[in-house]
Amino acid sequence: MADAVEVAQLSRVYSDGTRAVEGLSFTIRSGEIFTLLGPNGAGKTTTIRLLAGLIQPSEGWVRVQGMDTREPDAREDVRNAVGVLPEQPGLYEQFSAARNLLFYGRLHGLSDRTVEERIRELSARLDLGPVDGKAVGKFSKGMKQRVALARALLHRPSILVLDEPMSGLDPESAKSLRDYLLDLRRDGTTIILSTHNLDDADRLSDRIAMLRSRLIAVDTPSALKARLFGHRVAVQLERADPAAAALLTAHGARGVELQPDGRTIELELDEPDRELPELLAAVVRSGYRLQYVRPVAHSLEEAYLKLLTTREGGS
């Protein structure tokens with residue numbers, strides 16, 4: 001399957017000389033959720049705007065479904081391919097949801113009848129409730145986000161770009177939005193997400209790009225964690241015996257750490273499927289009884305902080 005977005009040596013310098021992003025190169029696959037992570041000022045929102053064709057690069061290029069966003073003749077087609085949900089909903093708050101959606105649908109060249117049909121579909125999918133009458137300004141933050149998402153989806157874009165979509169949402173609304181994004185991905189929509197919520201990024205993302213003006217890393221959440229922390233395993237014995245840790249070290253285990261309970265030993269493996277059976281067999285042959293064996297999970301937050309710390313130390 002062709003890539004949805006291609007980025008090469010992408011940079012953006014603002015008029016005041018601020019270099020927001022520099023030398024970004026990556027691809028976004030069709031039908032994946034691709035997440036941008038980074039601290040404030042890392043260039044996430046600028047990157048989002050560049051990928052959506054809302055601003056032009058100072059250097060490098062972006063291709064959306066093969067269309068170069070720098071080409072004037074391609075810009076309308078790019079806009080038709082992409083739906084954008086900015087961090088601030090940007091709705092006309094004195095108008096109803098229906099009037100907002102009708103206005104934006106007309107901007108996309110949709111007929112009023114088509115917009116009305118899409119409003120009915122999206123109201124059911126996003127649980128918008130009655131969309132006419134009440135002014136959007138009286139809606140809750142979560143409901144405004146739903147209306148703004150409906151606006152981004154009106155023209156059935158193949159690529160959806162979301163900037164901090166969970167910001168300010170209550171847990172119920174955030175879960176509803178996460179579930180809907182996963183439904184969209186299953187339907188083949190490519191989703192580009194910028195967020196500070198590392199838990200959402202870990203649960204939703206097929207791949208993650210970590211930014212700090214430049215690209216730090218691009219990979220799946222599990223691969224990023226494995227790259228930084230390796231494959232660690234916890235082995236718990238039936239009873240405490242510090243000598244078991246020395247036994248594992250003697251049989252070639254690395255990074256062996258006896259935990260405070262005296263029964264649990266953590267170790268690092270390069271190839272768990274090959275190494276672990278041999279190590280456990282050695283433990284059992286030595287007369288120890290095993291209680292359980294489990295992988296040691298590291299969070300995306302740990303990987304994120306370690307990557308940023310490493311980058312700062314090397315810059």
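Mentor: What follows goes from the whole chain to single residues. Keep in mind that this is a predicted model.

Trainee: What makes up the secondary structure of the protein chain?

Mentor: Eleven helices and 14 strands.

Trainee: Why is the protein chain called more spread out than a compact globule?

Mentor: Set the value against the rule. The globule rule gives 20 Å for 315 residues. The radius of gyration is 25 Å, well over that, so the chain is more spread out than a compact globule. Along the principal axes, the C-alpha trace spans about 75 × 45 × 35 Å.

Trainee: What share of the protein chain is buried?

Mentor: Buried residues are 46% of the 315. The cut-off for that label is under 20% relative accessible area. The accessible surface comes to about 15,500 Å², and carbon and sulfur atoms hold 48% of it.

Trainee: What share of the contacts joins residues 24 or more positions apart?

Mentor: 67%, counted among contacts with a separation of 6 or more.

Trainee: And where do the charges sit, by their centres?

Mentor: There are 42 positive and 45 negative side chains. The centres of the two sets lie 3 Å apart.

Trainee: What makes strand β8 mostly covered?

Mentor: Count its residues. β8 covers residues 190–194, and five of the five are buried. Thr190, Ile192 and Ser194 point one way, Ile191 and Leu193 the other. Both sets are buried.

Trainee: How do you know which strands pair with β8?

Mentor: Pairing needs at least two bridges. Strand β3, residues 33–37, has four bridges to β8, in the parallel sense. Strand β7, residues 159–163, has five and also runs parallel to β8. Both therefore meet the cut-off of at least two bridges.

Trainee: Which residues stand opposite each other there?

Mentor: Ile33 stands opposite Ile191 of β8. Ile159 has Thr190 of β8 as its bridge partner.

Trainee: Now the helix. What makes α1 mostly covered?

Mentor: Six of its eight residues are buried. They are Lys44, Thr46, Thr47, Ile48, Leu50 and Leu51. Just after α1, Gly53 takes a positive phi of about 75 degrees.

Trainee: Why is Thr47 called buried?

Mentor: Thr47 has 0% relative accessibility. The cut-off is under 20%, so Thr47 counts as buried. Thr47 lies in α1, residues 44–51. Leaving aside neighbours within four places in sequence, Thr47 is in contact with Val21, Leu24, Phe26, Leu36 and Leu211.

Trainee: What makes the phi of Gln9 worth a remark?

Mentor: Most residues other than glycine have a negative phi. Gln9 has a positive one, near 50 degrees, and is not a glycine. Gln9 sits in strand β1, residues 3–13.

Trainee: Is Gln9 buried or exposed, and how do you know?

Mentor: Exposed means over 50%. Gln9 has 52% relative accessibility, so it counts as exposed.

Trainee: Where is Asp127, and what is its phi?

Mentor: Asp127 is in the loop between α4 (112–126) and α5 (141–153). Its phi is positive, about 55 degrees, though Asp127 is not a glycine.

Trainee: Why is Asp127 called exposed?

Mentor: Asp127 has 52% relative accessibility. The cut-off is over 50%, so Asp127 counts as exposed.

Notes:
Residues numbered from 1 in each chain as written. Predicted model: local features only at pLDDT ≥ 70, side-chain atom pairs only at ≥ 80, totals over all residues. Heavy atoms only, no water. Rg over C-alpha atoms; globule rule 2.2 N^0.38 Å. Buried < 20%, exposed > 50% of the residue type's maximum accessible area, 1.4 Å probe, protein only. Contact = heavy atoms within 4.5 Å. Areas by Shrake-Rupley, 256 points an atom, 1.4 Å probe, with all protein chains shown as cover. Lys, Arg positive; Asp, Glu negative; His and termini not counted. Charge placed at Lys NZ, Arg CZ, Asp CG, Glu CD.
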